[in-house]
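This briefing summarises selected features of a predicted model. The points below are grouped by topic.

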Amino acid sequence: MKTFATAGAPHLRAAASVRRVMADVLLALLPGIAVHVWAFGPGLLLQLGLAAGFALAFEAALLRLRGGPVRAGLEDLSALVTAVLFALCIPPLCPWWVSALGLLAALGLAKHAYGGLGANLFNPAMVGYAVVLVAFPRELSQWTGAGLTPPDLATAAAAVFAGQLPPHWDTLASATPLDALRQAAAAQRTLAEIRSQPVFGHAGAAGWELIALAYALGGLYLLWRRVIGWQVPAGVILSVLLLTGAAWLFDAERNPPPLQHLLSGGLMLAAWFVAADPVTGCTSPRGRLLFGAGVAVLTLALRRWGLHADGVAFAVLLMNAAAPLIDEFTRPRIYGHGRHD
Amino acid sequence: MTLLRIPGGLVLPPPPAAAAGPLLPCPLPACLYLPLVQADGRPLQRLAAPGQTVRRGTPLALGQDAAATALPAPASGRIVDLLPLDLPGGGQAPALLLQPEGRDEAAAFAPLPDWQAQSPAALRRRLAEAGLTGLGGAGFPAALKLNHQVRTLILNGAECEPYIGCDEALLRARAAEVVAGAALLARIVDAAEVVIALEDRMHEAAAAVAAALAQWPGLRLQPVPTVYPQGGERQLIQVVCGREVPSGRWPPAMGVLVHNVATAQAAWRAVVHGEALTTRIVSVGGRGVAVPGNYEVRLGTLVEDLIAAAGGYTAQAARLVLGGPLMGQALPHDRIALDARANSVLVLGEDDIRPHAPQQPCIRCGDCARACPVQLQPQELLRLLDGGDLDGAAALGLRDCIECGCCAYVCPSQIPLVDSYRRGKSELARRGAERARADLARARYEARQRRLQREQAEKVARVAARREAVQQEQATAASAAAVVAPGADSIAPGAPAVSSAAVAADNTNPANTASAVPAPSTAMDKSAVLAAIARGRAKRAAAAAAPESTAPPHAAAADGAPAPATGNPATASAAPDDAEARPPAPAQKPAEPSP
């Protein structure tokens, strides 16, 4: 008689792990990071390093504080994903403490206060970004114009660590395309008058449009790897195209074309990475479609009437709050229920 | 014809080559073990005793199902022992130990080659005699399942799980018997439509079936997508019929019957050749076994003997599984008998079962929901069950979970989801049984209450009648009795004390006191209980000591034990008002502390 150790079924498992999911997300962000660096300079790399360092330190401290397994918590790479998403949202020349405070809010407030990985209601990176956006509007607007010679690493380091903005900052600094659009709209100018500004590039946002396309590329990779479903990106993109397309057809003088909306600001990052975050989004397929549509509608509303040029972060957070309710009403019909014959 | 896929499910790598190999023989072992327990866990009624010589097919026990399905002896030989044997799911059952003697003589079952002329009832009877249980894995008595008229009969040739190849091997080798068996079963249930469903990857088996179908017009071959768990009964119906089996019902209720292909073949052998169910095909697989393949195994063979026939364990053997890799039962050891349900034995290697990562919290990725063929939301069920909200989980369909394991297979956080659902379901079942028990107890209690009230009312009526008679007697008697009346109160306490003392000393005689007056029933119950406790002491003590320790005279009096007591009719005339007002009260009392 040979004896064996027993265990519950199933006895086989797919080679899936949280770490692998997070690693795929990080991989998918690489094209976006590369184009970002090309357009706005190596400052982003500093920010990525800073954010990663802060995130891992905070994560370790918070895990220890909560009495959880520190090593396993760091190895799942979820803190790193939060760090990268956060760094991609802030201007590359932001002072270092913005990153520290943002990630403290992201990991401490949004993630671990709610019970850690999987238990958070709001997307940590977006909470962190929203906190610093509200608290430090000046630092968060220090964008350089795309297409100009971006500041080199030394200049960026001086700005990030010593708070010394590069000389002739006035000539370097540039409103983001969305900011420019808001100012123009406030000044009652028509689109045709302002479209000639270099900040608008080809499709409506110089530099940003390429970054957005790179994000979409990474998103397609995630889709192919089945890390995300098609519903959230489809919900965001189709809703934006539909709504802005209708508005644009109605009055092309005042409403920017759909592609400009789609490819500017953080919309693509949100569509493929942030809103598609499973923890804080919906789980049912219909729920995810609705979630994406909600993010799109709120973003457009915030862009049109909100205080900030781009409301993507707030739109995602609002939809995070709505996600449990949406899930409640969009559960698929269970086999053998309802449709009896 | 292309079919819609089931929602969710898993597309798994094709089974290893060995699963598609030829049928291999498993030699008759020296001993066969036959646990006397049927698939639902109820004991079988034993017919044979140790020492008895049996033939192949002799019924050794009868099932407790309506058809009384037999447990036939799998080989001819001698019953040498009745001993406890471990069961796959844990626990033990008495098992007959049969020593085959080699000649393998079959018991006489008249072959019925004219089955088309036989009545469905006769055919069902034959199947029950032959011990035919479903060979798909659930082990449901086939004759019972055939007890319904249905429109559609589906033969399930889609393997239940990856690694299992027993159905495909059978179809390749014996398609003609399977198809003929399908026609036979269709006659029993009067099915107008017969569908033989195979996975679309089984080309060779499909060709064999197609060739056999030439003789049987009206039967149809239907390839179904190779998606786990397509072989599940409800999933097969969903795809083949385009309909869903309503939650909590079973398929015959909607005119559809599903039988495994091997069951059809065994039914054919039982009817046309007069053979009892004594063998089945078992897939042996995994890296832990030397020669994987599909073995034709005598029922009652130990896993140990089957593995020996398959070349023994390899150095990698790490987990022994009865059934498939996704739903199978891990066995603690290999001295477990194979019965008609055993479609597969897997010996998984260390590499197969090693977790890919430590267990992590749920990240709500929804992969499980995407994989669930029943379209549950496994992540929500897990959250509710972890939070102890069993009712919430039940409302989200916990009972509809078929435990296929797709969710746990895909979970990136390596959460043992199915374990959690099994626990939740058994807890739900336990609660349901408890509620049923409580309802029954309440019904019993209420019935008892009604009975006691009725009896009490009858008693009161009797006493009243008697008292009236006494009163009439008294009325004619001397008026001197009235002089004694003022003393009634002082005499009264003594009366019940005497009666309870009598009870304490000998509580077998309630009749004489109860028939006389209503009240002593209270004193009697109390003292009966207390007297039981103090019986030893009461034996030694005088009968007079008992009432002091049990029912104090004062309490007995306060209880309303009325003065018109036993053997003192003289006092009766003084107390009638009192006595008439009281009786209902003590009647309520004994019922309250009812166990």
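**Helix packing in chain B**

- Helix α3 (residues 166–189) of chain B packs against helix α6 (residues 261–272) of chain B at an angle of about 60 degrees, and their axes are 7 Å apart.
- That angle makes α3(B) oblique to α6(B).
- The crossing of α3(B) and α6(B) is left-handed.
- On the side of α3(B), the residues making the contact include B:D167, B:L170, B:L171, B:R174 and B:E177; on the side of α6(B), they include B:V261, B:Q265, B:W268 and B:R269.
- Classified by residue type, the contact of α3(B) with α6(B) comprises 13 nonpolar, 2 polar and 4 charged residues.

**Annotated spans in chain A**

- The unreviewed UniProt entry assigns the feature "transmembrane region" to several spans of chain A, among them residues 45–65, 262–279 and 285–302.
- Residues 45–65 of chain A are 100% helix and 0% strand, with the end C-alpha atoms 30 Å apart.
- Residues 262–279 of chain A are 56% helix and 0% strand, and the end C-alpha atoms of this span lie 24 Å apart.

- A:L290 is located in helix α15 (residues 285–305) of chain A.
- A:L290 counts as buried because it has 23 C-beta neighbours inside 10 Å, the cut-off for a buried residue being 20 or more.
- When residues up to four places away in sequence are not counted, A:L290 touches A:G235, A:C282, A:I326 and A:T330.
- A:R182 is 108 residues from A:L290 along the chain, and the C-alpha atoms of the two residues are separated by 28 Å.

Technical notes:
Residues numbered from 1 in each chain as written. Chains lettered and ligands numbered in written order. Predicted model: local features only at pLDDT ≥ 70, side-chain atom pairs only at ≥ 80, totals over all residues. UniProt positions renumbered as here; feature names shortened; annotations may be inferred. Helix = DSSP H or I, 4+ residues; strand = E, 2+ residues; numbered from the N terminus. Axes fitted to C-alpha atoms, helices over the stretch in contact; angles between N-to-C directions. Parallel < 35°, antiparallel > 145°, perpendicular 65-115°, else oblique. Left-handed = near helix turned anticlockwise from the far one by under 90°. Contact = placed C-beta atoms within 7 Å. Nonpolar A, V, L, I, M, F, W, Y, C, P; charged D, E, K, R; others polar. Buried ≥ 20, exposed ≤ 12 C-beta atoms within 10 Å, placed from the backbone.
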